[in-house]
Amino acid sequence: MATKKFLLNENDIPTAWYNIVADMVNKPLPPLNPATKQPLNPTDLEPIFVRELIDQELSQERWIDIPDEVRELYKIWRPTPLVRATGLEKALDTPAHIYFKNEGVSPVGSHKLNSALPQAYYNKKQGIKHLTTETGAGQWGAALSFACSVFGLDLDVFMVKVSYNQKPYRRIMMQTWGAQVVASPSDLTEAGRKILARDSHNSGSLGIAISEAVEKAVLDPGARYSLGSVLNHVILHQTVAGLEAEKQMEMAGEYPDVVIGCFGGGSNFSGITFPFLRHKLSEGKDIRVIAAEPESCPKLSRGKFEYDFGDTVGLTPLLPMYTLGHDFQPADIHAGGLRYHGAGTIVSQLRKDGYIDVDDIPQLESFEAGRLFAKTEGTIPAPESTHAIASVIRIANKAKEEGKPCTILFNLSGHGLIDMSAYDQFLAGKMKNYSLSDKEIAISANALEHLVP
Ligand SMILES: *Cc1c(COP(=O)(O)O)cnc(C)c1O
């Protein structure tokens, strides 16, 4: 019987994160100051982020040491298992070998803690007392709540109102770890009040919640803001997963032909793929990476490569990215973590340069894949992660059709045990697909052309 799972021990947790910028031929374009439209001066960011995170954001160093305190905390659940999905392979009757890195085993249930802990650590180190953030379905808010509790920081979470009302369990998790959770848009900020004055029943969006969290942090010198995806330093922290997986694939005696991650802002995708993409960039190794995004929020496949804001109101720096436009209102799909209008700048540049393929997954296909995975491998995947699984199944079916074996690695970014109401709707046949016309996409994306002259 072949080995099913590949386990490392604590000493194998990486000692440095991998920064792919060092190996990129075309470096990402610089972020712009939203007022002057000139390249950002690092000090422009100091009201928002602490200095060590700003340095990481702009760094071109290949390896950045993981602080001992953070590595010690990673030991709570890292290294995470790499598992051969033999049950899924059998059900698909495919010659493909399928492996997954299980990031759902973290105490918060997703990969997000990989960045929440270092972010809280660097803030604490600089003497910050208070963090602010936003959250959609609550995965990032939950991770940062635990991280802030560990480092003794206060945390305000602006949670998208529709999720706050419909999905109480992650709000309760955040409150259990000691965070203050507010439904966004709120009347606590100028940004929130502006939206409520126009539309008192506004159910919120990630972009609005970011505006509120940034505003709250900037007004308090003892506070900073924290983001759970998109930015270079977040992506950097997530590489811990791919670096472990690299060693584990070696233990399995295989090298992946394809590496797949689901895609919201790009953090878990980059975390699993960049350590492998590094071999393509530096040694020309033949490897394919695929971002699995929802058909209803197709920034990488149908968005524009333009400078855009990270939030709705326009408080953040302008970032060069594939975007559907900061006004884009994604459909209310259950994969809350994938409902974001833009992609991180590093991923966007790599996509532009042809290093990243994209699969657009309809919602029903994602849940069908999630259910098959649950039935064959046991773990019920997060609605976000089901997109990666659907993409894996497409490749595995193609391998079967062509009679060509291949090795696939994907990131199981989280488990779905807090998202069972989504599965309930799926099982009851109440779930639907949301596809977008070119016209719908053009409306918010065309507005971008005037942002930067
Ligand atoms: C937040 C989240 C995502 C999407 O965010 P990325 O930054 O694109 O990784 C995916 N999966 C899970 C489980 C999440 O919580």
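Two strands are taken to pair if DSSP finds at least two bridges between them. In this predicted model, an open sheet is formed by seven strands, arranged in the order β1-β4-β5-β15-β10-β11-β14 with mixed pairing. Its edges are β1 (5–6) and β14 (357–361), each of which pairs on one side only. Within the sheet, strands β4 (residues 82–84) and β5 (residues 97–102) run antiparallel and are joined by three bridges. Phe100 of β5 is the bridge partner of Val83. Helix α10 (residues 232–252) packs on the sheet, where β1, β4, β5 and β15 (407–412) are touched by the helix. The direction of α10 makes about 140° with that of β5.

Phe100 also takes part in an aromatic cluster, in which ring pairs link this residue with Phe373 and Phe410. In total, 15 aromatic pairs are counted in the model. Charged groups are likewise placed over aromatic rings. The charged end of Arg171 sits over the ring of Tyr164, at 5.3 Å from the ring centre, and Arg278 lies over the face of Tyr18, 5.4 Å from the centre of that ring.

A further element, helix α9 (residues 206–218), comprises 13 residues. From its first C-alpha to its last, α9 reaches 18 Å, close to the 18 Å expected at 1.5 Å a residue. The helix is mostly covered, with eleven of its 13 residues buried; among them are Leu206, Ile208, Ile210, Val214 and Ala217. The charged residues Glu212 and Glu215 are also listed as buried. The cover over the buried residues of α9 includes the strands β6 (130–135), β7 (154–160), β8 (180–184) and β9 (223–225), together with helix α8 (190–198).

Notes: Residues numbered from 1 in each chain as written. Predicted model: local features only at pLDDT ≥ 70, side-chain atom pairs only at ≥ 80, totals over all residues. Heavy atoms only, no water. Helix = DSSP H or I, 4+ residues; strand = E, 2+ residues; numbered from the N terminus. Expected span 1.5 Å × (residues − 1). Buried < 20%, exposed > 50% of the residue type's maximum accessible area, 1.4 Å probe, protein only. Contact = heavy atoms within 4.5 Å. Phe/Tyr/Trp six-rings, centres within 6.5 Å; stacked < 30°, edge-to-face > 60°. Lys NZ or Arg CZ within 6 Å of the ring centre and 35° of its normal. Axes fitted to C-alpha atoms, helices over the stretch in contact; angles between N-to-C directions.
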